[in-house]
Amino acid sequence: MTVTSTPADSTATESTATESTATPQSIEGEPAMTTTTTVAALNTGRETTPDEPSATENAQGAGIEQRETEHVDPAGTGNARADTAEGNGRAHRLVWLDPQELAVHPRNIRDDLGDLSGLADSIAAQGVLEALTVIPHITADGTPGHQLVAGHRRAAAAILAEVTPVPCVLRPDLALDGNAADGDRTAQASHVGAMLAENLHRRGLSAVEEARGVQAMLDLGVPLTRVAKSTSLDRKRVAKAAGVAQLDGDTAAAVAGAGLTLDQAAAVAVYADDPDTTAALIAAAGEGPGRFAHALTRAKQAKQEAEHAAALLAELTAAGRTALDEDTGRAATRLADLEHDGQPLTADGHAGCPGAAVYVNTSGWQGPQAVEVCTDPAGNGHRDRWTATALPGNAGSEPAGDAEREAAAAERRTTIENNKAMAAANETRREWVKGLLQRKTAPKAALRFAVETMAADPRALSRWLSGQPNRAHDSAAADLGIDAPGQWWATRDKPSLTLTSGEQVPDARLPVALLAHIAGAIESGLHRQSWRNPGASDARWLRFLESCGYTLADIERQIIDADQPTADPAPNAT
C-alpha cells in the first residue's frame, strides 16, 4: 500500500509507519463506528493521483498532510464495474478533503440537516470520527472535485466548527458515467441506496425522507426487491415508503413536521385525497400512538361507510329513483309508517306515487341503508299506518320553525357523531384487548378485577357462559380472538368449552383465560349506542383497561365521566 506524505519538514530519507484507531462515536443518535486505518509513509516519489488535484492542492496550501489509504469493499456494495479489469484502479481510498469544497449531492434525501450545534461541538473537540463518503465530480465549469454521497450533516457541522480537512472515503466505483446510455441511472440509484443504508439506522431521518429515497431508487429503475436488499429494508416497508412518497408537498411537510413514523405516514397516505382526514390523523399522532389508533379506526370506518353509501346511491340513481340527500330524506315520511286504502305501503306499491323517493341513511345499525319515503303523504292520500287516520293537509310538508329545525338537526348530528365515535372506539379497543389476551401473564390487577366483576355483574358473565345464540357474543369472540361458549345443541355429543377451552394452560396463564371470558362478557354488551345509557360495569372495564395502558377515546371518557358516584348527604348534625 503506497501513500504520499508531504509534510513541510519531511525529507527524502524518511520512512515511517503509523497506525491510528478512531474512537467509537455516538452523537445525536448516530451509531458508534470504530475504524482502524494503517498509513505507511514511504519515500516513493509518487505523484498526486490525477482525480484528486483539488484535495492535494488544498492540503499543501494549508500546510496539512495529505493522506490516502486504499480499502477493499468487504460488502461488495460497489458498482459492478469495480470487478472488471479497468476497475483495478478504482479501489476505495481514504482521503482528507476540505468540507467547504465538497459538492452537495442533488439527490440528497434529507430535507433538513437539523440542529448541528451539538455535532459541531463534538467535531471541534474530537474531529470527524466517521469518514464521509464522496465520489469524483466535475463541476459545470469543468473543475474536478468531489461530491458527497453520505455525510452531509457531518460536512456541514465540520464547516460550522471550522475543522478542515476531514476524512472521506473516496468511491470511484460509484462515480457517474456520463457516456452511459441511461445517464448512469444505476450509479445514481446506488448513491441513494448508500444514503438510505447509512441514515436509516440514525436518528433524524424522517418518514418522508426515507420515502423520497426509496421512490428515487424505484424511479431510477431499481426493482422493489433490489431496493429492499440494498437498503436492508423488508419489502413491506419499501412498499409503504413508496406510498408515502405520493403525498403532496403540504401533507408531506406536515407529516415530517409532526415526526410521524413510517407506519403512521403510510396510514395517512391512504387518505391523501381527504385533507380533513389527513389533518385529523396527523394531529392525533402528535397526541400519542393510542390517539392515533383511535383516529385511524375512525377514518377507516368513515371511508368504508362513504364508499358503501356512494355505491348504494349510484345504484339507486341508475335505477331511475328520486334520491334525496340524507337531511331532506329524514324530513320526509318513511314508507314504513304509511298505509294506503288500509294496506301497508311497500316500495313496489308506492313506485307510481308522485311523492316516491329514497335516501341513504348512514347512521343505522347495519351501516348505510336505503330508506323509502314519501315527500307528500297527505297530498297523495296516504294514512298514518299506526293510527289509521288521515294525515292533515300538508302534514308531510309543513315547515318547522327555524330554531326548532336547527335544534333537531344539531341533536341528530350529535347522535350520529357519537354513534360513529363509539363504533370506532369499540373496534380499536377490542383490537388492543386482543393483544392483551395474547400475553403469557395477565396484568397485575387482572385477577382482582375478574373476581370483583363476577361478584358485581354476575348476569353479564352468566349470559356469556349460557351458550344461547347471540350475534353480539359471536362478534365479541371473533374480535377478541377467543372461543365463545358453544350452544347446547352444538355440544350435546362433545364437552362444552371451558375457561381454558380444554387446553393445557399453564397456571400463570389461568388469570389471562379468566380475563378473556370477563372481556367477552362485557364487550358483548357494548355497542355503538352504549354511550347513551352506560352502565357502571362498562365504566369499570374502561378504567381497568386504562390502568393497563390503553388510551381511551373521547367517547369512552364520556362513559367514565357519567359514572361519577353521588356524594353521600352530610350527616344530620342533630
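This is a predicted model: local features need pLDDT of at least 70, side-chain atom pairs count only at pLDDT 80 or more; totals for chains, interfaces and linings use all residues.
Residues are numbered from 1 along each chain as its sequence is written, and side-chain values use heavy atoms, without hydrogens or water. Local features need pLDDT of at least 70 and side-chain atom pairs 80 or more, while totals for chains, interfaces and linings use all residues.

**Second largest pocket**
- The second largest pocket holds about 700 Å³ of space.
- A pocket is an open set of points on a 1 Å grid over the protein atoms alone, where a 1.4 Å probe fits, with protein on both sides within 12 Å along at least five of seven lines; lining residues have an atom within 4 Å of a point.
- Its volume is the space filled by probe spheres set on points joined across faces, edges and corners.
- The lining has 23 residues; Trp365, Ala423, Asn426, His527 and Arg528 lie nearest the centre.
- Helices H11 (289-318), H14 (402-436) and H17 (471-480) each supply at least two lining residues.
- H11 gives the largest share, six residues.
- Helices are DSSP runs (H or I, at least four residues), numbered from the N terminus.

**Aromatic pairs**
- The whole structure has four aromatic pairs.
- Phe449 and Phe544 are stacked, because their ring centres lie 4.4 Å apart and their planes meet at 5°.
- Rings of Phe, Tyr and Trp (its six-membered ring) pair with centres within 6.5 Å, and planes under 30 degrees apart count as stacked.
- Phe449 lies in H15 (446-456) and Phe544 in H19 (536-547), so the pair ties together parts 95 residues apart in sequence.
- Trp541 and Phe544 also form a stacked pair, 6.0 Å centre to centre with 25° between planes.
- Ring pairs link Phe449, Trp541 and Phe544 into a cluster.

**Burial**
- Trp541 is buried at 0% relative accessibility.
- Phe449 is buried at 6%, and Phe544 is buried at 6%.
- Buried means under 20% relative accessible area (1.4 Å probe, protein chains only).

Terms used:
Rings of Phe, Tyr and Trp (its six-membered ring) pair if their centres lie within 6.5 Å; planes under 30 degrees apart count as stacked, over 60 as edge-to-face and the rest as tilted. Buried means under 20% relative accessible area, exposed over 50%, partly exposed in between (1.4 Å probe, protein chains only).
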